[in-house]
Amino acid sequence: MKGVHFLLNVAILALATSIACAYDPSPLQDFCVAIDDPKKALFVNGKFCKNPKLVKPNDFSTSGLNIPRPTNNAVGSNVTMVNVDIIPGLNTQGISLVRIDYAPNGGENPPHIHPRGSEILFVAEGTLYVGFVSSNQDNNRLFSKILNKGDVFVFPIGMIHFQVNLGHTPAVAFASLSSQNAGVITVANTVFGSNPPINPYVLARAFKLYKNVVIKLQKQFFAENNS
């Protein structure tokens, strides 16, 4: 009887572990090309799936990542996403890709979080200062490094992280994420630019700022978020 209980506990633990570790749904067939019209769908697995007999090579492909993107904006960077919205064949595959262009002299991908995926970054051109901050449980330690062309850095899932171009010429990086749609939460925009705004008193106390400073920041970021 003890042996039966032991096997039952192991089975339950294995099931719980598999559920906890699965950030994206595991495929139940060879592929599940996403489709917006459920009337044309045959299967459901994460999203409505296109009839496999109607799937084409273009469902697994995109182009144009060789083209530099403009970086003349407030933060001096441009992130080009290649997720399930761009390549429907990424549905249920648990991966996506981004190209990041950085302006010279401090163009940055500001502190942000990917709530549904870890990230591995490859520097294609330039010199970047990158880093992430661990959780409160780990005393918010900063892990940072200067990367040059050909270098790689990993950002664990859910950690606040950033990249800054230290060079006098444009920089380019490519990153892969462990989700078909990892999501992004830009810290400053989210905290100070929420809709509706967070009560200024809450932010003033949390960030140890004067209330009028918080209100000014909220106006600035709300305008940026809704421009």
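Start with helix α3 and its packing. Select α2 (187–192) and α4 (211–225): the buried residues of α3 pack against both. Contact here means heavy atoms within 4.5 Å. Helices are DSSP runs of H or I with at least four residues, strands are runs of E with at least two, and both are numbered from the N terminus.

This is a predicted model, in which local features need pLDDT of at least 70 and side-chain atom pairs count only at pLDDT 80 or more, while totals for chains, interfaces and linings use all residues. Residues are numbered from 1 along each chain as its sequence is written, and side-chain values use heavy atoms, with hydrogens and water left out.

**Helix α3**

Show residues 200–207. Pro200, Leu203 and Ala204 are buried. Seen down the helix axis, the buried residues of α3 fall within an arc of 105 degrees, so they line one face. That arc is taken over the directions from the helix axis to the C-beta atoms. Now turn to the other side of α3: Arg205 and Ala206 are exposed. Buried means under 20% relative accessible area, exposed over 50%, and partly exposed in between, with a 1.4 Å probe and protein chains only.

Go to the start of α3. A side-chain oxygen of Asn199 comes to within 2.9 Å of the backbone nitrogen of Tyr201. Then jump past the end of the helix. Lys208 follows α3 and has a positive phi, near 55 degrees.

**The five-stranded sheet**

Next, colour the open sheet in the order β3-β4-β11-β6-β9. The sheet has five strands, and the pairing is antiparallel. Its edge strands are β3 (77–82) and β9 (152–155), each pairing on one side only. On average, neighbouring strands are turned by 20 degrees against each other, direction ignored.

Keep β4 (residues 96–102) and β11 (residues 171–177) on screen. These two strands pair in the antiparallel sense over seven bridges. Two strands pair if DSSP finds at least two bridges between them. Pick Arg99: Phe174 in β11 stands opposite.

**The aromatic cluster**

Select Phe132, Phe143, Phe153 and Phe155, which form one aromatic cluster. The structure holds six aromatic pairs. The rings of Phe132 and Phe143 have centres 5.0 Å apart and planes at 15 degrees, so this pair is stacked. Phe132 lies in β7 (residues 128–133) and Phe143 in β8 (residues 142–147), so the pair ties together parts that are 11 residues apart in sequence. Phe132 is buried at 11% relative accessible area. Phe143 is partly exposed at 30%.

The ring centres of Phe132 and Phe153 are 6.2 Å apart and their planes are at 55 degrees, so the pair is tilted. Phe153 lies in β9 and Phe132 in β7, so this pair ties together parts 21 residues apart in sequence. Both residues are buried. Rings of Phe, Tyr and Trp (its six-membered ring) pair if their centres lie within 6.5 Å; planes under 30 degrees apart count as stacked, over 60 as edge-to-face and the rest as tilted.

**Gln163**

Finish at Gln163, in strand β10 (residues 160–165). Gln163 counts as buried, at 0% relative accessibility. Display side chains: a polar contact of 2.8 Å joins Gln163 and Tyr102. A polar contact is a pair of N or O atoms within 3.5 Å; within protein, one must be able to donate a hydrogen and the other to accept it, and residues adjacent in sequence count only if both atoms are side-chain atoms. Leaving aside neighbours within four places in sequence, the contacts of Gln163 include Ile100, His112, Tyr129 and Phe155.

Terms used
Axes are lines fitted to C-alpha atoms, for helices over the stretch in contact, and angles run from 0 to 180 degrees between N-to-C directions.
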